[in-house]
Amino acid sequence: MGEPEITKARRKQLDERVQEIIDLIGELSDPTTVKDVFGKDGIELDMEKLSIAGHSFGGASVLNVIRKCSQVKAAIVMDPATNFYTKK
């Protein structure tokens, strides 16, 4: 008996979301992106104090991001969804 399809789908969705968050962190490191987002010069993000938070599926996403992205210095994880993890 293999892994249920819903588990495979959720795992794929998690992998995609984690990569999107990591990509966003990379983009926010670029001052041009920050200017485009806020619409003016002079706004700087302190990427040395980068924190992320998530609840439920977002919490599972945060747990995976902090494993893969050393730029994240702090995380708040609330009730992470883990029911789609299986032993390998």
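## A first look at this predicted model

The side chains of D41 and K35 meet in a salt bridge, with 3.6 Å from N to O; a salt bridge here is a side-chain nitrogen of Lys or Arg within 4 Å of a carboxyl oxygen of Asp or Glu. Welcome to a predicted model, in which local features need pLDDT of at least 70, side-chain atom pairs count only at pLDDT 80 or more, and totals for chains, interfaces and linings use all residues. Residues are numbered from 1 along each chain as its sequence is written, and side-chain values use heavy atoms, leaving out hydrogens and water.

**Salt bridges**

- Searching the whole structure turns up three salt bridges.
- In the pair that opened this briefing, D41 is exposed, with a relative accessible area of 58%, while K35 is partly exposed at 38%. Buried means under 20% relative accessible area, exposed over 50%, and partly exposed in between (1.4 Å probe, protein chains only).
- E5 and K8 form another salt bridge, at 3.4 Å from N to O. They sit three residues apart in helix α1, so about one helical turn separates them.
- E5 counts as exposed because its relative accessibility is 58%, and K8 counts as partly exposed at 39%.
- E16 and K12 also meet through their side chains, in a salt bridge of 2.6 Å, N to O. Here the spacing is four residues in helix α1, again about one helical turn.
- In this pair E16 is partly exposed at 39% relative accessibility, and K12 is exposed at 52%.
- Why can such pairs form? Side chains of opposite charge can pair when their charged atoms come close.
- An α-helix has 3.6 residues a turn, so residues three or four places apart point the same way.

- Helix α1 has 24 residues and reaches 35 Å from its first C-alpha to its last, close to the 34 Å expected at 1.5 Å a residue. That expected span is 1.5 Å times one less than the number of residues.
- Helices (H or I, at least four residues) and strands (E, at least two) are DSSP runs, numbered from the N terminus.
- The buried residues of α1 include T7, R11, L14, V18, I22 and I25, and α3 is among the things that cover the buried residues of this helix.
- The largest nonpolar core has 13 residues, and I25, V65, C69 and V72 have the most contacts inside it. Helices α1 (5-28) and α3 each supply at least two residues of this core.
- Such a core is a set of buried Ala, Val, Leu, Ile, Met, Phe, Trp, Tyr and Cys residues joined through side-chain atoms within 4.5 Å.
- Setting aside neighbours within four places in sequence, C69 is in contact with I22 and I25, where contact means heavy atoms within 4.5 Å.

**Strands and their crossover**

- Strand β1 (residues 51-55) has a covered face, I52 and G54, and an uncovered face made of S51, A53 and H55.
- Five bridges join β1 to strand β2 (residues 74-78) in the parallel sense; strands pair if DSSP finds at least two bridges between them. In β2, A75 is the bridge partner of I52.
- Together β1, helix α3 (residues 57-68) and β2 make a right-handed β-α-β unit. Right-handed means that, with the strands pointing away from the viewer, the path from the first strand over the helix to the second runs clockwise.

**The loop residue I43**

- I43 lies in the loop between α2 (31-38) and β1, and is partly exposed with a relative accessible area of 27%.
- Apart from neighbours within four places in sequence, I43 is in contact with V34 and F38.
- I43 and D79 are 36 residues apart in sequence and 33 Å apart in space, C-alpha to C-alpha.
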